[in-house]
Amino acid sequence: MGTDSSETPRAQAHHVADSLVEVDLATELAALRDSDSYQAADHAAKTIAKQPGVRVVLIAFKAGGQMHEHHAEWAITVQGVHGHVEFKVADRVVALMPGRLLTVAAGTPHHVTGVDESAVLLTIGGAHMPS
């Protein structure tokens, strides 16, 4: 599916598998917070880009919202977008805020809590050739 040059950037962002996806995170975060899924739960997520080997997901948390312990099959990065998130791996808790980035190895169990209304950008990577 291609983009139409007459579409707004928000409409173009819905073409998550295009060869180039431009996303206004502030607009997407506002729309995610207005969504039924966010209203009904303590957090919500939206895939904003998806290509073979990589997926980018915007996750919004309400204050106290949690993603209970889980793991990803692939390595991930998590970047603070808004507010304060606590990211826990084993006994280590990291404060994740705008301008901070974490990397987590594939299969590593982790737990995420929104300390206040917050958001992160999750990138899930796939298999890569050794460098």
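These are my notes from looking through this structure, which is a predicted model.

**Cores.** I started with the nonpolar packing. The largest nonpolar core has 16 residues, and Ile76, Val78, Phe87, Val120 and Leu122 have the most contacts inside it. I then checked which elements give two or more residues to this core, and found strands S2 (54-61), S4 (76-82), S5 (85-89), S6 (92-96), S7 (101-104) and S9 (118-125). There is also a second, separate core of 11 residues, with Tyr38, Ala44, Ala119 and Leu121 among them.

**Valine 78.** I picked this one to see what surrounds it. Setting aside neighbours within four places in sequence, valine 78 is in contact with Phe87, Leu96, Arg100, Leu101, Leu102, Val120, Leu121 and Leu122.

**Serine 118.** Is serine 118 buried or exposed? I found serine 118 in strand S9, and it counts as buried because its relative accessible area is 0%, against a cut-off of under 20%. Beyond four places in sequence, serine 118 is in contact with Arg33, Ile59, Ala60, Phe61, His82, Gly83, His84 and Val85.

**Rings.** I searched the whole structure for aromatic pairs and got 0. Tyrosine 38 still turned up something: the charged end of lysine 62 sits over its ring, 5.2 Å from the centre.

**Hairpin.** Last, I looked at S1 (residues 43-51) and S2, which run antiparallel and are joined by 8 bridges. Glutamine 51 stands opposite valine 54 in S2. The two strands form a hairpin with 2 residues between them, and glycine 53 in the turn has a positive phi of about 90 degrees.

Terms used:
Residues are numbered from 1 along each chain as its sequence is written. This is a predicted model: local features need pLDDT of at least 70, side-chain atom pairs count only at pLDDT 80 or more; totals for chains, interfaces and linings use all residues. Side-chain values use heavy atoms; hydrogens and water are left out. A nonpolar core is a set of buried Ala, Val, Leu, Ile, Met, Phe, Trp, Tyr and Cys residues joined through side-chain atoms within 4.5 Å. Buried means under 20% relative accessible area, exposed over 50%, partly exposed in between (1.4 Å probe, protein chains only). Helices (H or I, at least four residues) and strands (E, at least two) are DSSP runs, numbered from the N terminus. Contact means heavy atoms within 4.5 Å. Rings of Phe, Tyr and Trp (its six-membered ring) pair if their centres lie within 6.5 Å; planes under 30 degrees apart count as stacked, over 60 as edge-to-face and the rest as tilted. A charge sits over a ring if NZ of Lys or CZ of Arg is within 6 Å of the ring centre and within 35 degrees of the ring normal. Two strands pair if DSSP finds at least two bridges between them.
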